[in-house]
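Please read them with the model open beside the text.

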Amino acid sequence: MAAAAPSVFLLMVNGQVESAQFPEYDDLYCKYCFVYGQDWAPTAGLEEGISQITSKSQDARRALVWNFPIDVTFKSTNPYGWPQIVLSVYGPDVFGNDVVRGYGAVHVPLSPGRHKKTIPMFVPESTSKLQKFTSWFMGRRPEYTDPKVVAQGEGREGGNTEAVIPKAAWICLPAWLTLSFCPQ
Amino acid sequence: MAMAEVHVIGQIMGATGFSESSLLCKWGVHTGAAWKLLSGVREGQTQVDTPQIGDMAYWSHPIDLHFATKGLQGWPRLHLQVWSQDSFGRCQLAGYGFCHVPSSPGTHQLDCPTWRPLGSWREQLARAFVGGGPQLLHGDAIYSGADRYRLHTTSGGTVHLELSLLLRHFDRYGVEC
């Protein structure tokens, strides 16, 4: 029995990172990147991007607007590993260094058409009390060297309390990020 | 003949309506004998989250499953266990729930109600003061209807999921989606 050749399909994603609400922080910029399975590859457009730095509006909304374009096309032979967009938001700490203010991830929508998604943002929190105090004092938190871990399902359970290196848990911020997509 | 395939892609978004805070969710997918999991993990556990605004705990836990099947019987069911964790790291059951994976293609918002076993008045008192409380010995009662009449339960909160379905080759088996 001849095996059918795997058929290739394309997923075109147009959209933008619209805005965010972060009550505690200002002067933020965001980075996006995509996490996808082995059967997926980007064929056109930018897979990663860094936005401009924006400040809160002075009106009652207190929104941080980026209006940052996302334009990428993927090709694949298998829906498993459907791309997720991972967003990381950064801002200055009290010393002026850029530190992470939140991470979030969501699957690119599976149906064509316009979609608007508002996603909660998470920060890694150390389980060590000393590191929690240090991070409160310095205004900076533990950061992931690779933000793509936020898109993975495995390994999210709380760390082993006997570990020598403090393991980070996730806490959810009262912060939101809004994206709109038009996948085709 | 190629087997029919089902892709379940989405997130366990979070939960509302639980009186406990610091919640985590253990999830698993149960299918019938004709189903085979081609890619993805069949079960997992979210991180612990405490509601900051309002009463929704957010997990945003991704789910990506690829099944192949020869029959409709045993359509996948997602079973959930919501636990709350205190500052000492002890876990207490907050609710059990299950929902069928939707059978029509597209994106679906699912709200899964949960329940937990009540126990005797002594166990209820102990749970209020010390914690703990009765749990099911076997997880099958979460998604199976048999032998449920023996249980006396109380309600927990609701787990919110967003799942998208992609179906393939079902028309070859004469199934309309």
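1. Gln81(B) lies in strand β6 of chain B, where strands (E, at least two residues) and helices (H or I, at least four) are DSSP runs numbered from the N terminus. With a relative accessibility of 19%, Gln81(B) counts as buried, because buried means under 20% relative accessible area, exposed over 50% and partly exposed in between, for a 1.4 Å probe and protein chains only.

2. This is a predicted model, in which local features need pLDDT of at least 70 and side-chain atom pairs count only at pLDDT 80 or more, while totals for chains, interfaces and linings use all residues. Residues are numbered from 1 along each chain as its sequence is written, chains are lettered from A and ligands numbered from 1 in the order in which they are written, and side-chain values use heavy atoms, with hydrogens and water left out.

3. The side chain of Gln81(B) makes a polar contact of 3.1 Å with that of Trp83(B); such a contact is a pair of N or O atoms within 3.5 Å, where within protein one must be able to donate a hydrogen and the other to accept it, and residues adjacent in sequence count only if both atoms are side-chain atoms. Apart from residues up to four places away in sequence, Gln81(B) touches Leu24(B), Cys25(B), Lys26(B), Gly95(B), Tyr96(B) and Ile142(B), contact meaning heavy atoms within 4.5 Å.

4. The largest nonpolar core has 30 residues, and those touching the most other members include Val6(B), Trp59(B) and Leu161(B); a nonpolar core is a set of buried Ala, Val, Leu, Ile, Met, Phe, Trp, Tyr and Cys residues joined through side-chain atoms within 4.5 Å. Among the strands of chain B that each supply at least two residues of this core are β1 (4–16), β6 (77–85) and β9 (153–168). A second, separate core of 27 residues includes Tyr25(A) and Trp66(A).

5. Between the chains, 27 residues of chain B are in contact with 26 residues of chain A. Together they bury about 2200 Å², 60% of it on carbon and sulfur atoms, buried area being the accessible area (1.4 Å probe) that two parts lose on being put together, summed over both.

6. The rule finds one salt bridge across this interface, a side-chain nitrogen of Lys or Arg within 4 Å of a carboxyl oxygen of Asp or Glu. The side chains of Glu162(B) and Lys117(A) meet in a salt bridge at 2.8 Å, N to O. On the side of chain B that touches chain A, β5(B) gives the largest share, eight residues.
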